[in-house]
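I opened my notebook to get to know a new protein chain. Come and look along with me.

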Amino acid sequence: MTETPPAATVMRMWTGWIRPSDRDAYADYIEQTGLSAYRTTPGNLGAFTVFRDLPDGRCEVRTISFWRSRDDIRAFAGDDIEAAVFYSEDDRFLVDRETTVAHFDVA
């Protein structure tokens, strides 16, 4: 795994839940939608998704992205950077989701 990009000042993280059987399909889908949109927005320094199966039968999904600034995040997410961004097929995959995202300052 590579280190956090040194120019990153903000990490953005969102969490959702899918069926474990949808993991591969959702990984492809999120790569083509959210992660692609992150990576093509100026100021984005990288993005990835992590998965973990939970004892309750769901699979937790987190998207994590690194940004130069909150203004760069606004260019992706709009004025309310705390609101999660969703795509047309999300309802097909997500059994639950957070509607907000968390932002962390990178040391």
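My entries go from the whole chain to one residue.

**Ground rules.** I am reading a predicted model, where local features need pLDDT of at least 70, side-chain atom pairs count only at pLDDT 80 or more, and totals for chains, interfaces and linings use all residues. Residues are numbered from 1 along each chain as its sequence is written, and side-chain values use heavy atoms, with hydrogens and water left out.

**Fold.** I found three helices and five strands, in the order β-α-β-β-α-α-β-β along the sequence. Both are DSSP runs numbered from the N terminus: helices are H or I with at least four residues, strands E with at least two.

**Size.** I looked up the box that the C-alpha atoms fill, and it is roughly 35 × 30 × 20 Å along the principal axes.

**Inside.** I noted that 40% of the 107 residues are buried, meaning under 20% relative accessible area with a 1.4 Å probe, protein chains only. Of the contacts (heavy atoms within 4.5 Å) with a separation of 6 or more, 67% join residues 24 or more positions apart.

Where does L54 sit? I found L54 in the loop between β2 (44-53) and β3 (59-67). Is L54 buried or exposed? L54 counts as buried because its relative accessibility is 18%. Leaving aside neighbours within four places in sequence, I see L54 in contact with W17 and E60. I also checked P20: it is 34 residues from L54 along the chain, and their C-alpha atoms are 9.0 Å apart.

How values were computed
Buried < 20%, exposed > 50% of the residue type's maximum accessible area, 1.4 Å probe, protein only.
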